[in-house]
Amino acid sequence: MDTFSKRKVIVAGIMLGVGILFVLRLFTLQITNKTYKQFATRNVLREITIYPARGYIYDRNNELMVYNKAAYDLMLIPREVKAFDTTELCNIIQLDRKDLREAIAKAKQYSRYKPSIVAGQISSDIYAPLQEKLYKYPGFFVQSRTLREYPSKSAAQALGFVGEVNQRTIETDKYYKSGDYIGVSGLEKAYEKELRGIKGVQKSMVDVHNRIKGKYNDGLEDTTAILGQNLITGFDAKLQAYAELLMTNKKGAVVAIEPATGEIILMVSAPSYDPNLLVGRQRSKNYSILMQDSVYKPTWNRAIIGEYSPGSTFKLVNALIALQEHSVTPYDRFSCSGQGSTPIRCTHSHASPVAMREGIRESCNPYFWNVFRSIINHSPTAEEGYRVWRDHVVNFGFAQRVGTELSSERKGNLAETSYYDKYFGQKRWNAMTIRSLSIGQGEILVTPLQMANMAAIIANRGYYITPHLVRAIQDPNRVSHELEFEKKVIDIRPEHFNTVIEGMQAVIEDTKLQHTVKLDSVIVCGKTGTVQNPHGADHSAFVAFAPRDTPKIAIAVYIENAGFGATYAAPIAGLLIEKYLNDSIAPRRKDLEQRLIETDLLNVVEVKRKL
Amino acid sequence: MQKKTNVWNNVDWITISIYLAMMFIGWINIYAAVYNEEHKSIFDMTQQYGKQLMWIGAAIFIAVLMINTDSKFFVTFAFPIYIAIIFLLMLVPFIGTTINGAKSWIQFGGFLLQPSEFMKMGTSLALARYISSYNFKMHSWKSLLALAGILFVPVGLIFLQNDTGSAIVFGVFLLVLYREGLNGIVLFFSFLIALVFVLTMVLEPLPTILILTFAAFLINYLIRKKTKRNLIGMATFTSIFGILWLINYLAEGGVDPLYFVFAAAFISSLVFFLWAIMLHKRSLAILIGIYLGSVLFSVSVDYVFHNIMEQHQRDRINELLGIQSDLHGAGYHVNQSKIAIGSGGFFGKGFLQGTQTKFDFVPEQSTDFIFCTVGEEWGFLGSTLVIGLFMALLMRLIFLAERNRSKFSRVYGYCVATILFFHFAVNIGMTIGLAPVIGIPLPFFSYGGSSLWSFTLLLFVFVRLDASRFEQLSY
């Protein structure tokens, strides 16, 4: 007799119950819940980024200004490290034993399986001996990457530099990942998208020990890196270097533009620095030194962010506006009593009265006061007269960003009527009140770039092409794509320009500048400026272009605290024009060249202050 | 003397088919689990899959041998076999080899055998022999003592060899005893004790008591449908706890809230217990008694664990429940195992395509975690098939056991079914996060000769017994 036979149902029920429970559980695990699939993918997927080489930067003569050099990061996988001779490794990579130990400890803390950088950006000189000995150090390997190299060591501020991308950019732009490089300033920043190329990615599968086991999804999701595009600039690298040489130990800026195209031939901001300083292992150290230099501010690009009074160079614009508005003719003469003139005295003595050509040649302040007054008083009210004048000035590209690629470009300043209304009261101001503007002082600030652009407008007799640094972009197949730029026409008739240009020619040929700026083969036209400066010695300014009839170069030189424009700014411009047009400096001018290079205006100021 | 009929005509081919299918699927999955680019051939004898094929061959030989053995042999020699294996077990500490921290293996020539694996069959034979004897009466002290002896001698020996996983398998014989007449209450309390123990160890006592309290209210509601009284009970419990907690909070006593929960449970149980007695509500009194007993058990387990046990004993329990065997922090192994199975989806990733499997994210994958490979590469379809195969085998075994007139065969059949069931439940339960990580193999699937042979032996002794169900097994 088996009285408990029914219990088979309970035993079988327990078993079936567990079986059903398991099937239900599997249903939720495998079908309802999708997160496990993601976890599994995350477990095995490793993305390796392939960095394309950054684009090169060429000058107008196809000379390389920026290229890449190989550098090497010494990497470490802590798990694979065995005991090794730390002293020897430190000697090879020129690193302190303490630093090495710290780097290894940090790597271990990060991950025992994933590689970390022990010593970054090792140069090729160190890499060669390191590679030979690397077999002695299991767990260490070298990963190559590229660094920027600047063969001519010039144009630091205009070219800009690259640096590690910051957290904010990572958050806003999905392209960047921590540790990526990005153009931080200058052209490197302006053309970041073209220069960087497109990163590639290799998706691999790794095992539990992070060892690569093969391609993910048969490599179907891999992308190849696309090389960065090259920039072809309007720079003349040799001239740029020469300008920087001339600006040694001076504070200021030089900008030269090719008038016909708007291409910027050179852009100097002095004092400068060797762009190679911001590359490699010493980068962060050098960076903070440069950034902390509050006296010389070497990273400032004064050519585009320096806002100065244009001084007498601005008289050219006033002359052109007056001619266009018929408020004066080229032959109207105004008298000058030299130091005794009112309301603005003349800085030096010359024959009187003067018409336009002489007025420009002598940079006669009373003449230009009269010119300016005539413009303002040409309209029924001073306010209307000022508006007419201001519109013309703005037309010359002042009080606005002229539109280069560089994002740090400043607008300068030019007061609106509202400013004067507020300052003096409505209708309580007139030409007399704002007379400083007649000689380029007062409520006007311009950048050296805008001054060079003004020179280009005069050279072109009434138009300019938006000044720009890059003229073409070259794709990785070395096919160039020319960029197009807007042409802006000035509403002043060409013959008026010729009148002013005559005066500018006289400035070079009939004043003492004939000894320093006048060239044997080329007619140079220019205008000096000596800019009063409440903070110290006068700034020295000069604008010019040449040759007179077929202008190839328009230039502005601005040197802070250097005194008369004729003393330093003009000869430097003269040498640059000569070098650019003739490719060499005439022997008779070698002494001048030498003297300018040796002139030390920075340290003179220092000495003066000390005394 | 009965006429000799050909035994092969009476063997149960369904069982044999399931058995063969399981071994084949297991072998394929072992190949996937330890697949090695350099040894692509599934017959490569240097790899686990090659070796497993060898073990399978040997297992089939053992099966054939068992079927060709006279069934009376097992009845007659049940006790001698049991004693012989116990003897082997006792020898282990002297001649044994240590693998994975457990000194439970004996080396025979090139083979490693684990006597504890074979002990399951030995104990099953002994149980079957004893229970089917004429003088066996389930609830007599003598019989119970004898049963306890038959069970606890091997369990004790195996436990001493640090092979706790194998030792607790013997607990499943309670199901067999239940089938043969053991009071169901024993089964219920055994289950309750095991549940409270595991909960206490895995979750700590505080949540365990809360779970028990909730369960008690739920059961009371289901039995008696008295919502209002249940709410009064809950309010009592909560307010006692709340008052104690508030006093402690205001007095800044800093006492562990466990004490308040315990006090709340204890006081409210006593009050309602007395109330139930007075009103002659018997079922409520029993329920409260069971509840209070469970709470006391949970607290004392925790107390004993932390205050009386030595560190090495604690380690043993933690290891048994998979609490401390985790190298990468809480639940790493189970988590990776769940990722493997969960990522399989409905159809699976395909043979040799499982990334969790291929790249070693799951530990012990050819042995204890072989089910991960099934889940990942064959998906819900494959894993349900495997569960289905087990269910089919277990149901078939119960059917076979029940159709035998011989009590010996029936008891033995139940032993086989319940042992296989326990391994199945714990092993697969562990891979899908429903059971603690107890390292026991999945029968006929996991890599390893010793376990495959012992399960084969266990199963085919029964197939042989069943084949002679028409004979009179006398002794």
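This is a predicted model: local features need pLDDT of at least 70, side-chain atom pairs count only at pLDDT 80 or more; totals for chains, interfaces and linings use all residues.
**Entry 1: confidence**

I started with pLDDT, chain by chain. Chain A averages 88, and 98% of its residues score at least 70. In chain B I flagged residues 325–330, where pLDDT stays under 50. The model gives that stretch four contacts beyond four places in sequence.

**Entry 2: domains**

For chain A it gives domain 1 as 70–147 and domain 2 as 237–610. I took the centres over C-alpha atoms, and the two domains of chain A come out 53 Å apart. For chain B, domain 1 is made of two pieces, 7–182 and 393–467, while domain 2 covers 198–320. The centres of the chain B domains are separated by 39 Å, again over C-alpha atoms.

I wanted end-to-end spans for a couple of helices. Helix α13 of chain B runs over residues 282–308, which is 27 residues. Its first and last C-alpha atoms are 36 Å apart, close to the 39 Å expected at 1.5 Å a residue. I also listed the buried residues of α13(B); among them are Leu284(B), Leu287(B), Ile288(B), Tyr291(B), Leu292(B) and Val295(B). Further along, the buried list of α13(B) includes Ser298(B), Val301(B), Asp302(B) and Phe305(B). For reading that list I kept in mind that an α-helix has 3.6 residues a turn, so residues three or four places apart point the same way.

Helix α17 of chain B, residues 370–403, was another story. How far apart are the end C-alpha atoms of this 34-residue helix? I get only 33 Å, short of the 50 Å that a straight helix would reach. Then I looked for a bend in α17(B) and found one of about 135 degrees at Gly379(B). I counted burial too: 25 of the 34 residues of α17(B) are buried, so the helix is largely enclosed by the rest of the structure.

I went through the backbone angles of chain A. The background for this: most residues other than glycine have a negative phi, and most peptide bonds are trans.

I noted two cis bonds. One joins Ala270(A) and Pro271(A), with omega at about 0 degrees. Pro271(A) sits in the loop between β12 (263–270) and α11 (283–292). Another joins Ser352(A) to Pro353(A), where omega is about -5 degrees. Pro353(A) belongs to the loop between α13 (315–324) and α14 (356–362) of chain A.

His326(A) is also in the loop between α13 and α14 of chain A. Its phi is near 55 degrees, positive in a residue that is not glycine. Is His326(A) buried or exposed? It counts as exposed because its relative accessibility is 53%, and the cut-off is over 50%.

Asp583(A) is a non-glycine with positive phi as well, at about 70 degrees. I found Asp583(A) in the loop between α20 (569–582) and α21 (590–598) of chain A. Asp583(A) has a relative accessible area of 63%, so I logged it as exposed.

**Entry 3: single residues**

Ser294(A) lies in the loop between α11 and α12 (302–305) of chain A. At 52% relative accessibility, Ser294(A) goes down as exposed. I checked Ser294(A) against Leu320(A): they are 26 residues apart along the chain, and their C-alpha atoms are separated by 39 Å.

Gly50(B) is part of helix α2 (residues 48–67) of chain B. Its relative accessible area is 0%, so Gly50(B) is buried. Which residues does Gly50(B) contact once neighbours within four places in sequence are set aside? I found Ile42(B), Phe43(B), Asp44(B) and Met45(B). I also took the distance from Gly50(B) to Tyr31(B), which is 19 residues away in sequence: 8.4 Å, C-alpha to C-alpha.

The side chain of Ser132(B) reaches the backbone oxygen of Ala128(B) at 2.6 Å.

Notes. Residues are numbered from 1 along each chain as its sequence is written. Chains are lettered from A and ligands numbered from 1 in the order in which they are written. Side-chain values use heavy atoms; hydrogens and water are left out. Domain bounds come from an automatic or database domain assignment. pLDDT is the predictor's confidence in each residue, from 0 to 100. A polar contact is a pair of N or O atoms within 3.5 Å; within protein, one must be able to donate a hydrogen and the other to accept it, and residues adjacent in sequence count only if both atoms are side-chain atoms. Helices (H or I, at least four residues) and strands (E, at least two) are DSSP runs, numbered from the N terminus. The expected span of a helix is 1.5 Å times one less than its number of residues. The bend at a residue is the angle between axes fitted to the seven residues ending there and the seven starting there. Buried means under 20% relative accessible area, exposed over 50%, partly exposed in between (1.4 Å probe, protein chains only). Contact means heavy atoms within 4.5 Å.
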